[in-house]
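Student: Could we go through this structure together? I would like to begin with how its sheets are put together.
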Amino acid sequence: MKKILLRKEYIYEGNLILINKKYNLKDKIKSYNLKPVNDEYANILLDYNCSLALNNILQEINSKKEIILLDGYRSLKKQQKLWNNSLKENGEEFTKKYIAYPNCSEHQAGLAVDLGLNNENIDFIKPKFPHNGICQEFREKAIKYGFIQRYIKEKEHITKIADEEWHFRYVGYPHSEIIYKMGFCLEEYIEYLRNFKFGKDCLMFKNYEVSYIKMDENIKEIIIEDDELATISGDNINGIIITKFKKIKK
């Protein structure tokens with residue numbers, strides 16, 4: 001067995017951090033965690049695991065040039081410029097619907113990618129990524145690789161962002177499939193996980209166990225057994241999510 005020490009800064013790190021107008025990004029992403037998606041898109045960076053997963057999907061569906069990558073990681077400066085330019089060109093109502101306020105964007109964490117169907121006259125703020133053809137094939141495969149479509153029409157009242165068929169968020173597996181099957185947005189999922197207290201009542205999904213630790217509780221470390229793999233992620237609020245995978249014995 002091994003021990004994992006829990007630190008308060010872990011609250012603000014990981015694939016499941018909730019980033020929105022209420023819970024903004026606390027820490028700058030470490031540059032060494034960023035990776036180009038592939039040689040063709042050397043200028044588009046993403047979180048390392050996010051980048052690998054995205055490239056695997058594109059290769060599996062043989063997307064060639066039908067799907068294009070439009071945006072990945074953004075610095076605070078770039079997000080601020082995007083916000084300011086949209087205010088001038090599109091007005092406040094449109095900008096609040098489609099552009100995250102600086103430090104409230106998932107792009108700044110390197111965990112979000114904007115994709116578009118390759119055609120003429122691409123709208124870089126609202127690109128087309130329809131629910132059919134190669135785009136829908138990507139959407140379906142993405143769940144198995146840890147991605148969700150982050151903003152959908154039915155959840156606008158929660159996310160405060162309009163339907164964005166082109167914006168995909170990396171949360172990691174199995175969370176992507178649980179979110180999809182339960183019909184949650186990320187805000188709802190994080191709230192739901194609070195019901196599964198570490199060491200008491202885990203959320204069971206296939207060979208995974210997911211549980212939650214509120215960091216003002218007196219838990220300083222967790223124990224991982226030899227036949228388990230574990231990842232941790234903060235929620236960007238006040239807790240940490242533990243995801244255990246029990247290895248199948250041959």
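Tutor: A definition comes first: two strands pair if DSSP finds at least two bridges between them. Helices (H or I, at least four residues) and strands (E, at least two) are DSSP runs, numbered from the N terminus. This is a predicted model, in which local features need pLDDT of at least 70 and side-chain atom pairs count only at pLDDT 80 or more, while totals for chains, interfaces and linings use all residues. Residues are numbered from 1 along each chain as its sequence is written, and side-chain values use heavy atoms, with hydrogens and water left out.

Student: Thanks. What is the order of the open sheet with antiparallel pairing that contains β4?
Tutor: The order is β4-β5-β7-β6, an open sheet of 4 strands. At its edges are β4 and β6, each of which pairs on one side only. From one strand to the next, the twist averages 40°. Axes here are lines fitted to C-alpha atoms, for helices over the stretch in contact, and angles run from 0 to 180 degrees between N-to-C directions.

Student: And how many bridges are there between β5 and β7?
Tutor: There are 3 bridges, in the antiparallel sense. Ala112 has Arg169 in β7 as its bridge partner. Between β6 and β7 there are 4 bridges, again antiparallel, and Tyr151 stands opposite Glu164 in β7.

Student: How many residues of β6 are buried?
Tutor: In β6 (residues 147–151), 5 of its 5 residues are buried. Buried means under 20% relative accessible area, exposed means over 50%, and partly exposed lies in between (1.4 Å probe, protein chains only).

Student: Which strands does α1 lie across?
Tutor: Helix α1 lies across β4, β5, β6 and β7, and runs at about 100° to β6.

Student: Let us turn to the core. Which residues have the most contacts inside the largest one?
Tutor: They are Leu54, Leu69, Phe138 and Phe147, in a nonpolar core of 32 residues. Such a core is a set of buried Ala, Val, Leu, Ile, Met, Phe, Trp, Tyr and Cys residues joined through side-chain atoms within 4.5 Å. Two or more residues come from each of α1 (48–60), β4 (67–71), β5 (112–117), α4 (133–144) and β7 (164–170). The most come from α1, which gives 5 residues. A second, separate core has 17 residues, among them Leu16, Leu18, Leu193 and Phe205.

Student: What does Phe138 touch, leaving aside its neighbours within four places in sequence?
Tutor: With those neighbours left aside, Phe138 is in contact (heavy atoms within 4.5 Å) with Leu54, Ile57, Leu58, Ile61, Ile67, Leu115, Phe129 and Phe168.

Student: Which salt bridge does Asp71 form with its side chain?
Tutor: The side chains of Asp71 and Arg74 form one, at 2.6 Å from N to O. A salt bridge is a side-chain nitrogen of Lys or Arg within 4 Å of a carboxyl oxygen of Asp or Glu, and the count by this rule is 20. Asp71 and Arg74 are both buried. In another salt bridge, the side chains of Glu228 and Lys244 meet at 3.7 Å, N to O. This pair links distant parts of the chain, with Glu228 in strand β11 and Lys244 in strand β12, 16 residues apart. Both Glu228 and Lys244 are buried. Salt bridges that share partners also join Asp71, Arg74, Lys78 and Asp114 into one network.

Student: What is the order of the open sheet that holds β11 and β12?
Tutor: The order of its 4 strands is β8-β9-β12-β11, with antiparallel pairing. The edges are β8 (203–205) and β11 (228–234), each with a single partner strand, so one side of each has no neighbour in the sheet. The twist averages 20° from one strand to the next.

Student: How many residues lie between β11 and β12 in their hairpin?
Tutor: There are 4 residues between them, and Asn236 in the turn has a positive phi of about 70°. The two strands pair over 7 bridges in the antiparallel sense. Thr231 has Thr243 in β12 as its bridge partner.
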